[in-house]
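Trainee: I'd like to go through this one with you and check how each answer is reached. Could you take my questions one at a time?

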Amino acid sequence: MLERPVGLPSWFEPLLSRVGDSRTEDFTPLRPPPSGGRPSAVLVLLGEDEPNAGPDLLVLQRAATMRNHAGQPAFPGGGTDPEDADAVATALREANEEVGLDPASAEALALLPDLYIPVSSFVVTPVLAWWRRPHPVSPRQPAEVAHVARLPVSELVDPRNRIRVRHPSGWVSPAFQVRGMLVWGFTAGVISTVLDMGGWAQPWEPGPLVELPEASAPVPATRGGAPDEVLP
């Protein structure tokens, strides 16, 4: 757990306290290998447009023309570069490169457990952060990022927006359909766990089952389903 900043919104509790005790098993049954695997990080960025508006979550959509993970939702993030000091540096650098996030506008609060994606051998560290000073963001690499959205937590937890998806492998997992985005796989699994830990989740019945296209890459299981991303 990193130092708690002054002015942190009250809605960050109980999430911030609970993530400090979270384990890999809370997100996925797959444990990172004892050695090997490429380090990477993603930014789980929660912000608020106006006081009392409620939190939202920054998510992007990959470009449909990409060779891998085309059109899929993701947190800003990617592989660690040699000059990155740590996972926080990786997540903030990638968010700046992908959507123009000002690193000084965000404050890292906690590192979630490392999550392993065997299909790409990535060991992903989700970085939970507070968007202290939100500002406009947009795709900076159109060849890789098609769309950027701030998804309100109130809409993510709405039972009407929670569905299930079936991967071509047969794996069925929870997903979200919010503001024209279908959020599934690794991203949806992390979001689902964060919503539960934050005390925001609402009871929901299994929603409609959406079939994912055959073009979806084979992916391993997580708590919330299958990681959809092979990080760049």
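Mentor: Ground rules before we start: residues are numbered from 1 along each chain as its sequence is written, and side-chain values use heavy atoms, with hydrogens and water left out. This is a predicted model, where local features need pLDDT of at least 70, side-chain atom pairs count only at pLDDT 80 or more, and totals for chains, interfaces and linings use all residues.

Trainee: How many helices and strands does the protein chain come to?

Mentor: Helices (H or I, at least four residues) and strands (E, at least two) are DSSP runs, numbered from the N terminus. On that basis the secondary structure of the protein chain comes to 4 helices and 12 strands.

Trainee: And what percentage of the residues in the protein chain is buried?

Mentor: Buried means under 20% relative accessible area, exposed over 50%, partly exposed in between (1.4 Å probe, protein chains only). Of the 232 residues in the protein chain, the buried share is 53%.

Trainee: Which residues touch the most other members in the largest nonpolar core?

Mentor: A nonpolar core is a set of buried Ala, Val, Leu, Ile, Met, Phe, Trp, Tyr and Cys residues joined through side-chain atoms within 4.5 Å. The largest one has 39 residues, and its largest share, 7 residues, comes from helix H4 (residues 185–197). Apart from it lies another core of 20 residues, including Ala-41 and Val-88. In the largest core, the residues touching the most other members are Phe-12, Leu-15, Leu-46, Leu-128, Ile-191 and Trp-200.

Trainee: Is strand E2 largely enclosed or open, and how many of its residues are buried?

Mentor: Strand E2 covers residues 56–62. The strand is largely enclosed by the rest of the structure, because the buried residues number 6 of the 7.

Trainee: Over how many bridges do E2 and strand E8 pair?

Mentor: Two strands pair if DSSP finds at least two bridges between them. E2 runs antiparallel to strand E1 (residues 38–47), joined by 2 bridges, and also pairs in the antiparallel sense with strand E3 (residues 73–74) over 2 bridges. With E8 (residues 145–152) the pairing is antiparallel too, and the bridges number 7.

Trainee: What is the bridge partner of Asp-56 in E8?

Mentor: Asp-56 sits in E2 and is the bridge partner of Gly-47. In E8, the bridge partner of Asp-56 is Pro-152.

Trainee: Is Thr-90 buried or exposed?

Mentor: Thr-90 is found in helix H2 (residues 87–99). Contact means heavy atoms within 4.5 Å, and beyond four places in sequence Thr-90 touches Ala-41, Gly-78, Gly-79, Thr-80 and Asp-84. Its relative accessibility is 0%, so Thr-90 counts as buried.

Trainee: What is the relative accessible area of Thr-125?

Mentor: Thr-125 is found in strand E7 (residues 122–131). Not counting residues up to four places away in sequence, Thr-125 touches Ala-41, Ala-87 and Asp-114, among others. Thr-125 is buried, with a relative accessible area of 10%.

Trainee: What is the angle between the planes of Trp-11 and Phe-12?

Mentor: Rings of Phe, Tyr and Trp (its six-membered ring) pair if their centres lie within 6.5 Å; planes under 30 degrees apart count as stacked, over 60 as edge-to-face and the rest as tilted. The structure holds 1 aromatic pair. Trp-11 and Phe-12 form it, stacked, at 4.6 Å centre to centre, and the angle between the planes is 25°.
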